[in-house]
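Student: Hi, could we go through this model together? I'd like a plain tour of a few spots.

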Amino acid sequence: MIEKMEFLSIIGPRDQLDRVTEKYLGKYEIQLENTVGELKNLKNIVPNSESNPYREWIGKAQEAASIVTGAKDAAQTKGASQIRKTDAPSGTLSPEEAVEAVRAADALMEESRRNKTKLQAELKKKQGLLEAIRPYLELHFEISRILHFKYVRFRFGRLPLGYYQKLKEYLQEDDCTIFEKCRVDESYVWGIYFVPASEAKKADAIYASMHFERFFIEDVYQGTVDEACRTLEAEIEELKRQEKALDDDLAAALQKDGGRLLEAKDVIEKQSARFDVRKLAAFTRSKKETFFILCGWMTKKDAARLGKELEADPELFVTLEENPDRRISTPPTRLKNPALIRPFEMFVRMYGLPNYNEFDPTLFVALTYSIIFGAMFGDVGQGLCLALGGFLLYRFKKINLAAIISCCGIFSTIFGFLYGSVFGFEDVLPALWLRPTEAMTTLPFIGRLNTVFVVTIAIGMGLILLTMIFSIVNAVRSKEYGKALFDTNGVAGLVFYGAVVLVVVLFMTGNPLPAAVALVILFVVPLLVIACKEPLTQILEKKKAHLEEGPVMFVVQSFFELFEVCLSYFSNTLSFVRIGAFAVSHAAMMGVVLMLAGAENGGTGNLIVIVLGNLIVCGMEGLVVGIQVLRLEYYEFFSRFYKGDGREFKPYM
């Protein structure tokens, strides 16, 4: 259900605003709105022009506090027997003292950041040098000597692996070039080639045709490639050690005054929140005194409690605004459901919260989803496994989906008894209702048809009629009377589809049909009303009815729209066949498992095959059935009556 909301305004002297924020807004849940924009009919009100002086310090305070708490956690992880007791938050820091404490901490953090930036720049440079030279580890020659060759040109680089064979053929014919292969990976061959200065241009052109990618090596390496790599690795490790030492030194410095910093963070966050409230407030002057106005949404119960409490406060008073024309915002939505069905709110939120004028479909979803899932996946053994597994997962992890699975498992167990199926065995329990693969029904004109299909289609027709009623109720609540009367899911659609259902039921049960005149009225009149929805709605709203594209196009368009409406009614009804189809397919799949295990005729069978088969069927079919039921909820039910365009209730604190 959706909790009832009240729009209220709290008014009092300006110097009492912080007291109101701390005493009342921290005690009751209220969603604040921008007062200046909300109370559009009030004059002589101005917004708060003060800037929040604490906003720039929030991030710094939180960073310092995270370092302090991180240092404590690290000490505990290392097994320290006693952690140094910092000054415990005393609750006596003034806002100015809190800012000063954070300012001092920020100076330490800024100095640490500067030093760390220098180290990181040096570390990045060293890592770049290491990565540049590492592919040439097999070159056992001093890098600096190569880089100072005068009469021989050299080129470090790599070429694609596919061109290396061509390179070897070229080297056999060219005595002027030497290629020293250093490393080979799945894509490239890394190496260096040497060529006399007089032949350099020719060699460069040939290597370029083989997609040789040249790399330039800086003249900063000492010794061989192997020695240079070891030196760089040692320097990198030292830089990382220095970087960690900076972090440790900063943490130790902040830890000395850790309690004060934690308290300062709380004070600054509280003061900043107060200023955020001021930004939402409006101010007005009366008799040389400035008053504040705060407005927002509260639940009806909390609003009544707050009103009684403010009656005892002589400096403050509260007003309730029930006229929607005197405010801008629409009431927010706050769902309140029993714990048993609360997990199903997840499916509702996935589609969208109901707006304040809609009814909460959580109970409808909980019932229909669980029952349809059980009908499609009826098995006592597997249902109990789903129920128990989902319950345990929800009990310890609080996962809403696990609670939904547990609830669905209960209904799977119930339908398992109705079908007489336990872990796929259908000769252990008697079927309290029918066996999906065996029960057949003879229908006029159609012939023999699986009973489960007949029942599921009948249930589907009933649910479609129910959702049409929901659509009418929601439309009336939203004062969309044209939609309530003339829409395909309104009264006209309800009469037409209800007449179709009535005729089908009477025909299939062998009862006489209504008179032809009654059928014409029940079928033709609602369709004509649906076709003329737009002009009829305009007349209902006391507007001048007009056809934008002319009467001929209106008739043509209405004809095809009616054809689509009838087709959608038919296809939506047939969608519920999938319920029976999955009930039959589950029995058939378990029959295959038992056949593979050699237990289809009541034998003992292979226990391992039976267990694995049940696990596979339970996991795979459970997932598919869950998705298919959710599809029915969204496309066959929600699309008829539910908008889901509400905004969530978000209290100030």
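Student: How many cavities of 30 Å³ or more does the structure hold?

Tutor: The structure holds two cavities of 30 Å³ or more. A cavity here is a set of points, on a 1 Å grid over the protein atoms alone, where a 1.4 Å probe fits but cannot get out. Grid points are joined across faces, edges and corners, and the volume is the space filled by probe spheres set on the points.

Student: Thanks! Before we go on, what kind of model is this?

Tutor: This is a predicted model, where local features need pLDDT of at least 70, side-chain atom pairs count only at pLDDT 80 or more, and totals for chains, interfaces and linings use all residues. Residues are numbered from 1 along each chain as its sequence is written, and side-chain values use heavy atoms, with hydrogens and water left out.

Student: Back to the largest cavity: what is its volume, and which residues line it?

Tutor: The largest cavity has a volume of about 60 Å³. Its lining is N355, E358, S471, N474, A475, S478, E480, K483, F641 and K643, where lining residues have an atom within 4 Å of a point.

Student: Which helix gives the most to that lining?

Tutor: Helix 15 (residues 451-477) does, with three residues. Helices (H or I, at least four residues) and strands (E, at least two) are DSSP runs numbered from the N terminus.

Student: How many bridges join strand 4 and strand 6?

Tutor: Nine bridges, between residues 152-160 of strand 4 and residues 188-196 of strand 6. One example is L159, whose bridge partner in strand 6 is V189.

Student: Is T177 buried or exposed?

Tutor: T177 counts as buried because its relative accessibility is 6%; buried means under 20% relative accessible area, exposed over 50%, partly exposed in between (1.4 Å probe, protein chains only). T177 sits in the loop between helix 6 and strand 5. Leaving aside residues up to four places away in sequence, T177 touches Y170, L171, Y193, F194, V195, A203 and Y207.

Student: What about phi at H211?

Tutor: H211 has a positive phi of about 60° although it is not a glycine. Most residues other than glycine have a negative phi. H211 is in the loop between helix 7 and strand 7, and its relative accessible area of 46% makes H211 partly exposed.

Student: And where is F445 found?

Tutor: F445 is in the loop between strand 11 (440-443) and strand 12 (447-450). Phi of F445 is positive, near 75°, and F445 is exposed at 80% relative accessible area.

Technical notes. Pairing = 2+ DSSP bridges. 1 Å grid on protein atoms, 1.4 Å probe; cavity = no way out; pocket = protein on both sides within 12 Å on 5 of 7 lines; lining within 4 Å. Contact = heavy atoms within 4.5 Å.
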